[in-house]
Amino acid sequence: MIIKLISMEKKDNIIAYSGKVIKYRNKEYVIRPEESLRGCLGCAFVPSINCPVELTKYCLQGYIYKKC
């Protein structure tokens, strides 16, 4: 018998759209569609190597951050 374990984690369905304002560390950023297929090119957080999960939720949907 095979038992499947179902994770009961809360799934956050965050919807990204161009022009959405995100507040992170008391600064405001606007998300825009990615400018290239290479990912983070043009993102305000490019010098940062370890982007936190709350930021990457939008990146995985094809958006980057720009300063307001």
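1. The structure, which is a predicted model, holds zero disulfides. A disulfide is a covalent bond between the sulfur atoms of two cysteines, and the cut-off applied here asks for two cysteine sulfur atoms within 2.5 Å. For Cys-51 the closest cysteine sulfur is that of Cys-59, and because the two sulfurs are 6.1 Å apart, they are too far from each other for a bond.

2. Accessibility of two cysteines. Cys-51 has a relative accessibility of 31% and therefore counts as partly exposed. Cys-68, with a relative accessibility of 59%, falls into the exposed class. A further cysteine, Cys-43, belongs to the largest nonpolar core of the model, which is taken up in point 6.

3. Overall make-up. The secondary structure of the chain amounts to one helix and three strands, and reading from the N terminus the elements follow the order β-β-α-β. The chain has 68 residues, of which 22% are buried, and it exposes about 5900 Å², with carbon and sulfur atoms supplying 56% of that area.

4. The three strands form an open sheet in the order β1-β2-β3, with antiparallel pairing. Strands β1 and β3 are the edge strands, each of them pairing on one side only, and neighbouring strands are turned against each other by 40° on average when direction is ignored.

5. Strand pairings in detail. Strand β1, residues 21-24, is joined to strand β2, residues 27-33, over four bridges in the antiparallel sense, and within this pair Lys-23 stands opposite Glu-28 of β2. The two strands form a hairpin with two residues between them, and in that turn Arg-25 has a positive phi of about 50°, a value worth checking by eye in the model. On its other pairing, β2 is joined to strand β3, residues 63-67, by five bridges, again running antiparallel; here Tyr-29 stands opposite Lys-67 of β3.

6. The nonpolar core. Which residues make up the largest nonpolar core? There are 12 in all, namely Ala-16, Ile-22, Tyr-24, Tyr-29, Ile-31, Cys-43, Phe-45, Leu-55, Tyr-58, Tyr-63, Ile-64 and Tyr-65. The elements that each give two or more residues to this core are β1, β2, β3 and the helix α1, residues 53-59, and the largest share, three residues, comes from β3.

7. Leaving aside residues up to four places away in sequence, Ala-16 touches Ile-31, Tyr-58, Gln-61 and Tyr-63.

8. Gly-62. This glycine, Gly-62, lies in the loop between α1 and β3. Is Gly-62 buried or partly exposed? Its relative accessible area is 24%, so Gly-62 counts as partly exposed. When residues up to four places away in sequence are not counted, Gly-62 touches Arg-32, Pro-33 and Glu-34. Another glycine, Gly-39, stands 23 residues from Gly-62 in sequence, and the C-alpha atoms of the two are 7.8 Å apart in space.

Notes. Residues are numbered from 1 along each chain as its sequence is written. This is a predicted model: local features need pLDDT of at least 70, side-chain atom pairs count only at pLDDT 80 or more; totals for chains, interfaces and linings use all residues. Side-chain values use heavy atoms; hydrogens and water are left out. Two strands pair if DSSP finds at least two bridges between them. A nonpolar core is a set of buried Ala, Val, Leu, Ile, Met, Phe, Trp, Tyr and Cys residues joined through side-chain atoms within 4.5 Å. Buried means under 20% relative accessible area, exposed over 50%, partly exposed in between (1.4 Å probe, protein chains only). Contact means heavy atoms within 4.5 Å. Axes are lines fitted to C-alpha atoms, for helices over the stretch in contact, and angles run from 0 to 180 degrees between N-to-C directions. Accessible areas come from the Shrake-Rupley method with a 1.4 Å probe; for residues, only the protein chains shown count as cover.
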